Amino acid sequence: MGLLDQQSYAGYANEGQRLAVEPMSFTPMDAVKFIAEATPIIGDAMAAKEIYDELQKPEPDLGYVAVLGGAALLGLIPLIGDAASPAIKKVGKGLLDMADRIEVDPSVMGSTFGNIKLNPKSSDVPRNMPANNVLDAVDKLTPEQINAATKFERKSGFAKPRDGGGRAKDPALFTPFSSKKQTGIPPSEWKVKGRKLSSETVDPTFKTAEDLKNEGFTDMFGFVADGTISDTVIDEINDLKFSRPVMQQGGHEFGDKGKLGFASDNVALDTKRKSWENTVQKGGKPIVSPMTMGAAGGDFSMHQTMNLAQAILANADNIDPNFVPLKGAIKNNNRLLPEGMGLLSPELPAYLSTLKGGERAAFVKSLDTAPALAAGVPSVGAIRWATTAPELTNQPLLSSGYRAFQPDVENFLDYGDTHASYNATIDRVGNNMTMGDVRPWYMQFPDEAYPKMVASTPSGSNMLKTEALPKDIRGFQMNPNMSQKIDNEWVEANMMYDEILKTQGRQAAELFGLDALVNRAQRLGNY
């Protein structure tokens, strides 16, 4: 009912009493004013004056009014009335900003809404994206660049769920990209569409271990990097079409474009640069190979976070507007987003663009939960998968060789606007390089990997624990001097690994790699 129903409206029950109201002809505005001034049921606790003031505006925000007044006022507002539920869902994007301002005091009885207060609007929520962002990067593409881009559609290839379900755990509903059981779209149906800017990149030059030695490289340095794609525009994920496509600026492939070598935080990158420069000053020639992180490694990147934000906005009609991402454990009930901002707020992308990498990762992690999936939030696992380079999907931690470059240590770091996630880049000398398929960390960095593998292998085991651990990733991140001498033994082991990989497969190649690792350790007296 758009107007007050005179027959059904007879009064309000309050503490066992009844307030009689004579049927009369008056407008929704009059009704709101009457409730605000004459009854204690809504009163100040429901901010009736704000409702009255809002409805006097030329274009009142009905979502705002509905949230403040709740069910008691729905029948008084034109176009809502009997269709309250669909209308509230439709205006969910606007409601969440207001709903987040409402605070409920559990110590006060709620029958008269005296347990509710309205917090002031936050003035700290950013409203504009910074100039250097992955959304504007797409808008700035020229017609020539767009026409030269190669459209693609990629599907996950994961196994299909069991027919009929069942109570037993279905492994098809779990992937390395999320520890949560996937609901809604199963991983087997994940897909991503976009455009690859092939004309902007140059294929890396293939180099064997022997080639590197012959070209004078003396030390291999590892640089931990996320496995997300680069120089690619993502337009949609799982049929959620982005209102603003997102430019991908991934880790390993970053050096395929221009003369750039790598991007990172200026402090971390300068520490690495000094170590590489020190090698040059001692007469050496460093080469750097990015090393893989886990499936969640891209969470701190701007492009992956924006993929998630755009997917949320594209799926807003199916997301519970009352869902609030929390910081840490649910029992702590700590809001992650600032007061005055909800998950469906239009300002969400602008806010996320102001966060630091760790803060962005916390936001992504807060939505990789069962409650988020139940609330209709797009799968974080699907976002991570769609953002990851196919060649780096499901690769063991700290694998490397997919890309490698010679750092230009003679020039200062570039603090330009070449990357949305980081404030510094370093140039490379010559073309970007590749050693082909990624290889285990104990092949690339045997002298660094061996003692760590021994330390993590359970006592009494008859075989080394080959998998790198998260603490090993931190070790390579924090210690800029971690490197491997490119000596003849290293070259021979890598060349044999490549040959066995080509003729006998990965399992046989990795078994050989472990033997080569132990033999090297014995020769060096580390066994």
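This is a predicted model: local features need pLDDT of at least 70, side-chain atom pairs count only at pLDDT 80 or more; totals for chains, interfaces and linings use all residues.

Modeller: Residues are numbered from 1 along each chain as its sequence is written, and side-chain values use heavy atoms, with hydrogens and water left out.

Biologist: How are H19 and H20 oriented to each other?

Modeller: Helices here are DSSP runs (H or I, at least four residues) and strands likewise (E, at least two), numbered from the N terminus. Helix H19 (residues 488-504) packs against helix H20 (residues 506-523) at about 165°, with the axes 8 Å apart; axes are lines fitted to C-alpha atoms, for helices over the stretch in contact, and angles run from 0 to 180 degrees between N-to-C directions. Angles under 35 degrees count as roughly parallel, over 145 as roughly antiparallel, 65 to 115 as roughly perpendicular and the rest as oblique. H19 and H20 are therefore roughly antiparallel.

Biologist: What is the handedness of the crossing of H11 and H15?

Modeller: The axes of helix H11 (residues 302-314) and helix H15 (residues 380-387) come within 10 Å and cross at roughly 130°, which makes H11 oblique to H15. A crossing is left-handed if the near helix is turned anticlockwise from the far one by less than a right angle, and right-handed if clockwise. For H11 and H15, the crossing is right-handed.

Biologist: Which residues of H13 make the contact with H11?

Modeller: The axes of H11 and H13 come within 10 Å and cross at roughly 40°, so H11 is oblique to H13. Their crossing is left-handed. With contact taken as heavy atoms within 4.5 Å, Met302, Thr305, Leu308 and Ile312 of H11 meet, in H13, Arg360, Phe363 and Val364.

Biologist: Which element gives the largest share of the lining of the largest pocket?

Modeller: A pocket is an open set of points on a 1 Å grid over the protein atoms alone, where a 1.4 Å probe fits, with protein on both sides within 12 Å along at least five of seven lines; lining residues have an atom within 4 Å of a point. The largest pocket is lined by 36 residues, with Ser264, Asp265, Ala268, Phe300 and Tyr422 nearest its centre. Elements giving two or more residues to this lining include strand E11 (260-264), helix H13 (357-366) and helix H10 (266-281). The largest share, four residues, comes from H10.
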